Each structure stands twice: as C-alpha cells, then as structure tokens.
Amino acid sequence: MRIDKYLWCIRYFKTRSIATNACKQGHVRVNGTSVKPSRDVYPLDKISVRKNQITYELQVLDLPQSRLGAKLVDIYRKDITPTEALQKLDLLKYSKDYYRKKGTGRPTKKDRRDIDDWFEEADPSEQNNDTNHKEEE
C-alpha cells in the first residue's frame, strides 16, 4: 500500500492529497529516509510524520483495506511517539496565548474592548465638568 494512502487510511491526514503533499515536502520518513508518496509500506516499517510542529512516530502493524473508523486505527499501527514530543504540544498551546507582545502591531479584539471601556470611563467625568461650568455661568 502507498504511504500517502496508508496515512490517510489510519487518519493521520484528513485527505489523501494533504498526505501526498506532506510526503512531497519531506515531512514523512520511512525507516529514517524521506519518501515519495508512491513508496510502498510494509508491516514493521517505522514511519515518522512531521505535523503541527511535532514529529509523530508509528510502527506499521498491518495494512488496512480502506479508510478506518477512529476506534479501529490501533489495530493497524502502534504509536511510538516519545512523551517529550507530546509534552511539546502542550507547551505550544500555552505559548500561543502570550505570543504577541502588548503594544506591538494591530490591537486584538480584547485590546480594542479594553480601549473602548477606558474611553467610556473617561467620558462621564468630562460631562460632569461641562455641567459644572454651565452652572457657574
């Protein structure tokens, strides 16, 4: 079975064309060598897939006939991804929250709301000062 079809069948990629592009870009390796999408996969091959800044590693146990349901995927592959790589995924999630430094670039939606709230708080005090001036005159 072709490597792109295998990765699509075991649900590592949503479409087969995405799996093909990943192979062409060098994100897929079989037994340590970068492969073309047409490379055949056999049981006991070790595949490493670079996806979302993480390198997933898996071992082929058997070849499916067609795309599988999510519950049946473990019959055909063994996930041997190191725990450090999975912990890196958690760190990436937390780092995205603080990626943009305050005061640089275009304000986010939250920044815009904070600015609007600040201006709304400033307006009522100016209105009170205007009414005080009118009473004095």
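**A tour of the protein chain**

Of the 137 residues in the protein chain, 25% are buried (buried is under 20% relative accessible area, exposed over 50%, partly exposed in between, with a 1.4 Å probe and protein chains only). This is a predicted model, where local features need pLDDT of at least 70, side-chain atom pairs count only at pLDDT 80 or more, and totals for chains, interfaces and linings use all residues. Residues are numbered from 1 along each chain as its sequence is written, and side-chain values use heavy atoms, leaving out hydrogens and water.

Colour by secondary structure. The protein chain has 4 helices and 5 strands, in the order α-α-β-β-β-β-β-α-α from the N terminus. Helices (H or I, at least four residues) and strands (E, at least two) are DSSP runs, numbered from the N terminus.

Next, salt bridges. Each is a side-chain nitrogen of Lys or Arg within 4 Å of a carboxyl oxygen of Asp or Glu. The whole structure holds 5.

- Select R16 and D4. Their side chains form a salt bridge (3.6 Å, N to O). R16 sits in helix α2 (residues 16-24) and D4 in helix α1 (residues 3-9), 12 residues apart. R16 is partly exposed at 34%; D4 is buried at 2%.
- Select D74 and R77. This salt bridge spans 3.3 Å, N to O. D74 is exposed at 52%, while R77 is buried at 16%.
- Select D114 and K110. They also pair in a salt bridge, at 3.3 Å, N to O. Both lie in helix α4, 4 residues apart, about one turn of the helix.

Finish at E121. It lies in helix α4 (residues 109-136) and is exposed, at 60% relative accessibility.
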